[in-house]
Amino acid sequence: MLDSVPQVVLIALAILAGFAGLIWSADRFVAGSAAIAKSFGVAPLVIGLTIVSFGTSAPEIMVSISASLKGAGDLAVGNALGSNIANMGLVLAATALVATIPVQRHLLKDELPILFLVCLVAGFFLYDSVLSRWESAALLIGLVPAIYYLVRMKQGELSATEIAEEEAIPEMSRTRAFGWFLIGLAALMLSSEVLVWGAKTAAALAGVSPLVIGLTVIALGTSLPELAASMVSALKGHHDIALGNILGSNMFNLMAVMSIPGLAKPLTMDDDVFARDYGAMMALTVLLALLIGISFWMSKKASGEGALGKTAGIFLLCGYIAYYLVLYKTAA
């Protein structure tokens, strides 16, 4: 028993160091990438919907690639599904409890339908508990028309806060931007390796599957950037972009976090993944859609905005807690 104590400490330090490294390196990677794109004249709107959205999912993507190459496909899929569940049931719920979140109508008619379509396609691919290379390729290729559609739809519909966020893209020389891009990318790769090692070792030591670690510890840790950004934005009064960020991040998780590892090696997973984990993600997505729809109905304004407040936050948080109870009962 005593011999295992140093190993437990080493595992804990590896996981904590991995999380810290992912958060810092993702920020540097996004800043460098956005500055490079801006220096080449790429529109801020396109940068926001591509590079920034990809950057917030970069920790999940790097962890999933590392896990897949190490034969831990369960951890990769669990990371994607668990992050989406955490984004809605924890990040968005916590933000709604802190401040009322305005819901712009374009989210209801543009982003949400696309997310539902992506969820249904992902569910069709996960139904047989295998994510093949061609299925992974289909998800990744689908990112292109999805982003193109959102860019077209959002032109001319930006809120004052969204415009301010786009104008906040850092100003730096192209050389410095490339430097931060490379440093951020290298740190992302190193941090993901450390985190996956710690997670796999912790799973073996605790006697649970890597899937459960991916759905819980890794999903929570890689969702920390979204939680921090949403909470800070809410406290600053910039909470009107929180919902859009969550919907975009969830779409990226399904189309990139799951697909990129599957391109390297087909992912196989437990049968519980579809019924329990994917089912929980879809249930929370449906709940969120209902809450958004009800908020518009209660506003009684044909062209107005809805809002998600404390009641919506409580419902989402309860759904998140219920999922963890089911996971505890079925994965024990």
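These questions and answers walk through a predicted model of one chain.

Residues are numbered from 1 along each chain as its sequence is written. Local features need pLDDT of at least 70 and side-chain atom pairs count only at pLDDT 80 or more, while totals for chains, interfaces and linings use all residues; side-chain values use heavy atoms, with hydrogens and water left out.

Reader: How many helices and strands does the chain have?
Author: Helices (H or I, at least four residues) and strands (E, at least two) are DSSP runs, numbered from the N terminus. By that rule the chain comes to 14 helices and four strands.

Reader: What share of the residues in the chain is buried?
Author: Buried means under 20% relative accessible area, exposed over 50%, and partly exposed in between (1.4 Å probe, protein chains only). The chain has 332 residues. The buried share is 51%.

Reader: Is methionine 88 buried or exposed?
Author: Methionine 88 belongs to helix 3, residues 73-98. Its relative accessible area is 0%. Because of that value, methionine 88 is buried.

Reader: Which residues is methionine 88 in contact with, leaving aside its neighbours within four places in sequence?
Author: Contact means heavy atoms within 4.5 Å. Leucine 316 is 228 residues away along the chain, yet its C-alpha is separated from that of methionine 88 by 6.8 Å. With the neighbours within four places set aside, the partners are Ala93, Ile246, Asn250, Met281, Leu284, Thr285, Leu288 and Leu316.

Reader: How many residues of helix 3 are buried?
Author: Helix 3 has 26 residues. The rest of the structure largely encloses this helix. The buried count is 23 of the 26.

Reader: Where does helix 3 bend?
Author: The bend at a residue is the angle between axes fitted to the seven residues ending there and the seven starting there. In helix 3 the bend is about 40°. Its position is asparagine 87.

Reader: What is the distance from the first C-alpha of helix 13 to its last?
Author: Helix 13 has 28 residues. A kink of about 35° is centred on glycine 279.

Reader: Why are aspartate 272 and arginine 276 separated by about one helical turn?
Author: An α-helix has 3.6 residues a turn, so residues three or four places apart point the same way. Aspartate 272 is partly exposed at 39%, and arginine 276 is buried at 10%. They are about one turn apart because, within helix 13, their spacing is four residues.

Reader: Is isoleucine 294 buried or partly exposed?
Author: Isoleucine 294 lies in helix 13, residues 272-299. Its relative accessibility is 43%. That value makes isoleucine 294 partly exposed.

Reader: Where is serine 209 found?
Author: Serine 209 is partly exposed, at 22% relative accessible area. Leaving aside neighbours within four places in sequence, serine 209 is in contact with Ala203 and Asp270. Its place is the loop between helix 8 (174-206) and helix 9 (210-222).

Terms used:
Expected span 1.5 Å × (residues − 1).
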